[in-house]
Amino acid sequence: MTKKTENKVLKISAPYKPKGDQINAISKLSAGLKKGIKDQVLMGATGTGKTFTVANVINEFNRPTLIMVANKTLAAQLYSEMKFLFPENRVEYFISNFDFYQPEAYVSKSDTYIEKTAKSNMEIEMMRLSTLNALTTRKDVIVIASVAAIYGEYNPEKYKELFFEIEVEKITTKEALILKLIDMGYVRNDKSSNPGSIRARGDVIEISPGWTDEYFIRIDLFGNTIDGIYKLDKLNKKIMNSYKRYTLFPAKDYKTTPDGLKKSVARIKIELEKRLTFFKENNRIIEYQRIKERTLNDINSLEEFGFCPGVENYAQHLDLRNDDQRPYTLIDYFGKDFLLVIDESHISLPQIRGMYSGDFSRKSNLVNFGFRLPSALNNRPLQFDEFNSLMPNTIYVSATPGKYESELVNNKFIEQIIRPTGLLDPTIEIRRSTGQMDDIINEIKQTIAKKHRTMLLTLTIRMSEKLTTFLKEKKIKSAYLHSELKTLERLQVIRDLRLGKIDVIIGINLLREGLDIPEISKILILDADKAGFLRDTRSLIQIIGRASRNKEGKVIMYADRITDSMQKAIDETDRRRDIQRAYNKKHSITPQTIIKPIHNPIKNSNTENAIMSFIKSKRNKLKDKADKEKLVLKLKKQMLEAAKELDFERATELRDILIELKVL
């Protein structure tokens, strides 16, 4: 490993070839990139293989690629898929490194200060560091990221300055090496080898990188000379590789050089004096004392340890930025020549647009009442204009593109409507709300007779709960799926639905991942003619897509009038069906319902019992800590096995369970 950037080619490796609309979409998107077209929109229907299309475009364009997604669950799924498709390249995962995060805040009305509470995830921290290291040393990198990509990150140029190259036969002392590693953020720990730690024994220094827990680096010294550099497996201590030269990366992403730290502290002291003067002149004694005590404590920690609680609030000074200079982010690590893909753009872009305002509102209170210096406001997500200025060649991907990206391309989309399975979009029927309950029961019973399942959507939580109770009284096995259910409970409901233990699933907005269930052949939408985002054109099209995994897919909208949103959704669905039907006829394709295996929640029966115990416990706590640790190990092993078997959805489900178990 050296400081030089590796120029390996991004190379896709898949056991299947593009089919249907994928071929045309790949060709058009790739041609657009070669022509330098900045913005393109891939409008792909549910189940048409948009991810595989994007992977082939990345292969053709051969540039570092950032794929931004709407949430962590989808990010994990895409990460697994891209890692499988690009085995020879670096596929990285960059999301928030907190399993639980309660931001620092101050509520002035009640004079309540809420201290930041966070539980970080070591595995995610390692993956974030791995991302930064990959981007600063290679070109064949694909990063799957959440909106964490627009939050403050360390200056990439300063980060590179912390790289340290060691070389066999180079003259140095053990003490000098240890001091250098400590300057890079490593912590000396001679008892354990946690990521980001070092231990020294005799003439041997062992370095546990902050970005992995799979191996460590051993440096053998002979006197004041480096005699050997080795990479060893952490489990069996076997040598995996040896090096003549090796570049060490920082142990943390927020670490500065000793000289840079002195400059940063000096700047913090100057700002503190200005703020103290302001509070004194305005006779705000409480705020004066508060900011003085807090900041001086932080300065002492920075000077002694190079770190302090809430160090991110001093990011502007650690980066040596001016007041009007935007924060550095992950995007800055890509340079200028890269590809940006925004998945589910109709959701992702509004998220990105709204991040700054919420962050500014919360931190303004902290600054105004003396909990933070004004520069803390510059530890923030990018404003949308700032994000937009950094966007290179961009592909927006969605089944229902939003207004922003649609206007960028003048509503000229690259469409992907044909499914490899030949499945058509579902049929749609409109029925009056009068007598709808009798009609709903009749439709559900017809669906049950075919051994299929039904999805029923309402507008309010209360209506969903009442409807669930009503159906149970009619001896119809039903369950309400809501946002407050934890992953384990949600997975159990979905599994019971697929097995036929539940015939109907009821909710308000059932568009989340994991609900592409082929057993669902019928969707019933109540109050389809009511105004609101749950019944706008985009939401209706997304809902309709949930029935596109079954060849008998059908959607019934209960309404007393046809709204513009309903008509547009119906027209778009009919248009897609015509295209799909014509393609199938031309190529003699018979649509087939997707066959998808139904897994037990956990393969091992003892583990399954532990999981069920976890689900039933209202407090979601296992009685014995040792039992919990054993369960975590089993789940982690099964998650890795699922990924190897290319069962990415199951791997993602297991990952969600692991996150909850570790938090609780």
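What follows is a walk through this structure, from its sheet to its cores and its aromatic rings.

First, some ground rules: this is a predicted model, where local features need pLDDT of at least 70, side-chain atom pairs count only at pLDDT 80 or more, and totals for chains, interfaces and linings use all residues. Numbering starts from 1 along each chain as its sequence is written, and side-chain values use heavy atoms, with hydrogens and water left out.

Let's start with the sheet. Seven strands make an open sheet in the order β3-β8-β2-β17-β18-β1-β19, with parallel pairing. At the edges sit β3 (90-94) and β19 (414-416), each pairing on one side only. From one strand to the next, the twist averages 20°. Helices (H or I, at least four residues) and strands (E, at least two) are DSSP runs numbered from the N terminus, and two strands pair if DSSP finds at least two bridges between them. Take β2 (residues 65-68) and β17 (residues 339-343): they pair in the parallel sense over four bridges, and Leu 66 stands opposite Leu 340 in β17.

Now for the helices. Helix α1 (residues 21-34) lies across β1 (39-44), β17, β18 (393-398) and β19, running at about 155° to β19. Axes here are lines fitted to C-alpha atoms, for helices over the stretch in contact (heavy atoms within 4.5 Å), and angles run from 0 to 180 degrees between N-to-C directions. Nine of the twelve residues of α2 are buried, meaning under 20% relative accessible area with a 1.4 Å probe and protein chains only (exposed is over 50%, partly exposed in between). Among the buried ones are Phe 52, Val 54, Val 57, Ile 58 and Phe 61. Just after α2, Asn 62 takes a positive phi of about 55°.

What about the cores? In soluble globular proteins, nonpolar side chains tend to be buried together. A nonpolar core is a set of buried Ala, Val, Leu, Ile, Met, Phe, Trp, Tyr and Cys residues joined through side-chain atoms within 4.5 Å. The largest one has 58 residues, and Leu 66, Leu 330 and Phe 387 touch the most other members. Apart from it lies another core, of 34 residues, including Leu 29, Met 82, Phe 86 and Val 397. Leaving aside neighbours within four places in sequence, the contacts of Leu 330 include Leu 66, Phe 94, Leu 132 and Val 143.

Finally, the rings. The whole structure has eleven aromatic pairs. The rings of Phe 163 and Phe 249 have centres 4.7 Å apart and planes at 85°, so the pair is edge-to-face. Rings of Phe, Tyr and Trp (its six-membered ring) pair if their centres lie within 6.5 Å, with planes under 30 degrees apart counted as stacked, over 60 as edge-to-face and the rest as tilted. Phe 163 and Phe 249 are 86 residues apart in the chain, and both are buried. Ring pairs also link Tyr 159, Phe 163, Phe 249 and Tyr 333 into a cluster. As for Phe 384 and Phe 387, their centres are 6.2 Å apart and their planes at 40°, so this pair is tilted. Both Phe 384 and Phe 387 are buried.
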